[in-house]
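Biologist: Before we look at any single residue, could you show me how to read a model of this kind, one feature at a time?

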Amino acid sequence: MSSTLRSLLIMILLGAVGGVTISLLDIEPTPIVWITFFLTVFVILIGKDLYILKFSTNMNTVERYVKNSKHPYYRFLYAYLHDNDAESEKELAKITSDKLRAYITILVELGRGNYDLVEKNLDKIHSKEHRDYYSAHLALLKNNQDAYNQHRSGIKNRIYQLSLDAEVAYHQGNMAEAEQYGQLAIAESKGVQKYLMIKTLEKNKRNPHRSSYF
């Protein structure tokens, strides 16, 4: 059952329950009562999606959401992370947002070693911290320590800091330390971010030309 159909059925069910509740409590079913009720239901349903995307630690739930999403970005992620190149290209073609396409290009081309393409897309990332994170990762891969230090100093998010610590250790050939930092980063993340980190790590481990921890 799709998430859209499930949400529609939940709204219908809650509408019926709401009608019975209003009747039992002898509340006059004025338009404002119904508007308030359905706004509350809408917020609950939206809140459920937001919780899965941002805060859930249940990766089975997150994967089901990503897999069954109607949004091409999430469908791209699912296909890409499961090595389905044909499906990922199909979903990528549906994405019109320059920002999302930039994120995808950086994610994919860092793994492929196409650093010029990564660099061309960094300015399209609006968040300075995100831009600093990917710039630091790129600098590390290009053995540019000064640029790495410059971008690393702008990162305050602990998960990004731990991720870069994992990348530094991996770059130095210290796999045990890379695993330690990497698992700490995964443990502190939630929602789609946690899912993306876990699946990117799994994908990289399948790559015979792996150049990064994540």
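Modeller: Let us begin with burial: a residue is buried when its relative accessible area is under 20%, exposed when it is over 50%, and partly exposed in between, with a 1.4 Å probe and protein chains only. By that rule, buried residues make up 36% of the 214 residues in this chain. The model is predicted, so that local features need pLDDT of at least 70 and side-chain atom pairs count only at pLDDT 80 or more, while totals for chains, interfaces and linings use all residues. Residues are numbered from 1 along each chain as its sequence is written, and side-chain values use heavy atoms, with hydrogens and water left out.

Biologist: How many helices and strands are there in the chain?

Modeller: Helices (H or I, at least four residues) and strands (E, at least two) are DSSP runs, numbered from the N terminus. The chain has 12 helices and zero strands.

Biologist: How should I read a pair of packed helices?

Modeller: Two packed helices are described by the angle between their axes and the distance between the axes. Axes are lines fitted to C-alpha atoms, for helices over the stretch in contact, and angles run from 0 to 180 degrees between N-to-C directions. Here the axes of α4 (residues 72-81) and α5 (residues 85-92) come within 8 Å and cross at roughly 165°. Angles over 145 degrees count as roughly antiparallel, under 35 as roughly parallel, 65 to 115 as roughly perpendicular and the rest as oblique, and α4 and α5 are therefore roughly antiparallel to each other.

Biologist: Which residues of α4 and α5 make the contact?

Modeller: Contact means heavy atoms within 4.5 Å. P72, R75, F76, A79 and Y80 of α4 take part, together with E87, S88, E91 and L92 of α5.

Biologist: Is E109 buried or exposed?

Modeller: E109, found in helix α6 (residues 98-112), counts as buried because its relative accessibility is 9%. Leaving aside neighbours within four places in sequence, E109 is in contact with N114, L117 and V118.
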